[in-house]
Amino acid sequence: MGVRHLMGMYDYFHKVLRGYLSPRKSGANWVRFLRYVRRWYPPSERIYLIQDNLSTHTTPAALREARRLKISLVPIPTNSSHLNPIETHFRSIRQKALTGSDFREWRPLGAAIQMAMRELNAQHSTPVHKVKRCLWVRH
């Protein structure tokens, strides 16, 4: 039945995961994803989007659309996926959505991934109590 790619974003400030399954990683699909990202934020805000160095991210159409949508693309160095904050969440999504499953169609798999992201977002929304003292001292 082919392959699907998770086009995902992680709002680092609000601790929210969002995304959808895409049949391809083409320049046109990346432009579609940029529009998806833009719709979650007020049009007056600039968005800084950390991305890997996939060639479809820098097509002329994608760069034009990013400029139009006020999205600054921030590429990470090659072989440095650990610098991208969303990478740490893919394992959790995979565990919640795919463990013990045998999906035969893409629609139920997409629903399971959406449910996994909702569960992770609910866990992230619990308040974290900040430490009131310095954890380290500079000397």
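Student: Are helix 1 and helix 2 roughly parallel or roughly antiparallel to each other?
Tutor: The model is predicted, so local features need pLDDT of at least 70 and side-chain atom pairs count only at pLDDT 80 or more, while totals for chains, interfaces and linings use all residues. Residues are numbered from 1 along each chain as its sequence is written, and side-chain values use heavy atoms, leaving out hydrogens and water. Helix 1 (residues 27–38) and helix 2 (residues 60–68) pack at an angle of about 10 degrees, on a scale from 0 to 180 degrees between N-to-C directions, with axes fitted to C-alpha atoms over the stretch in contact. Angles under 35 degrees count as roughly parallel, over 145 as roughly antiparallel, 65 to 115 as roughly perpendicular and the rest as oblique, so helix 1 and helix 2 are roughly parallel.

Student: How many nonpolar residues does the contact of helix 1 with helix 2 have?
Tutor: The axes of the two helices are 9 Å apart, and contact means heavy atoms within 4.5 Å. Helix 1 contributes W30, V31, L34 and R35, and helix 2 contributes A61, A62, E65, A66 and R68. Ala, Val, Leu, Ile, Met, Phe, Trp, Tyr, Cys and Pro count as nonpolar, Asp, Glu, Lys and Arg as charged, and the others, Gly among them, as polar. By class, the contact has 3 charged residues, no polar ones, and a nonpolar count of 6.

Student: How many helices and strands are there in the protein chain?
Tutor: Helices (H or I, at least four residues) and strands (E, at least two) are DSSP runs, numbered from the N terminus. Along the sequence they follow the pattern β-β-α-β-α-β-α-α. The protein chain therefore has 4 helices and 4 strands.

Student: Is N29 buried or exposed?
Tutor: N29 lies in helix 1 and touches M7, Y20, S22 and R24, not counting residues up to four places away in sequence. Buried means under 20% relative accessible area, exposed over 50%, and partly exposed in between (1.4 Å probe, protein chains only). With a relative accessibility of 14%, N29 therefore counts as buried.

Student: Which residue's side chain makes a polar contact with the side chain of S72?
Tutor: S72 is in strand 4 (71–75) and touches R46, I47, Y48 and L49, leaving out residues up to four places away in sequence. A polar contact is a pair of N or O atoms within 3.5 Å; within protein, one must be able to donate a hydrogen and the other to accept it, and residues adjacent in sequence count only if both atoms are side-chain atoms. At 3.0 Å, the side chain of S72 makes such a contact with that of R46.

Student: What is the phi of K70?
Tutor: Most residues other than glycine have a negative phi. K70, in the loop between helix 2 and strand 4, is not a glycine, yet its phi is positive. The value is near 60 degrees.

Student: How far apart are the C-alpha atoms of K70 and P43?
Tutor: K70 is partly exposed, at 30% relative accessibility. Beyond four places in sequence, K70 touches R38, P43, S44, E45, R46 and I47. K70 and P43 are 27 residues apart along the chain, and their C-alpha atoms are separated by 7.9 Å.

Student: Where is K15 found?
Tutor: K15 has a positive phi of about 60 degrees although it is not a glycine. K15 is partly exposed, with a relative accessible area of 33%. Its place is the loop between strand 1 and strand 2 (16–22).

Student: What is the relative accessible area of S80?
Tutor: S80 sits in the loop between strand 4 and helix 3 (87–98). The C-alpha atoms of S80 and D52, 28 residues apart along the chain, are separated by 8.2 Å. S80 is buried, and its relative accessible area is 11%.
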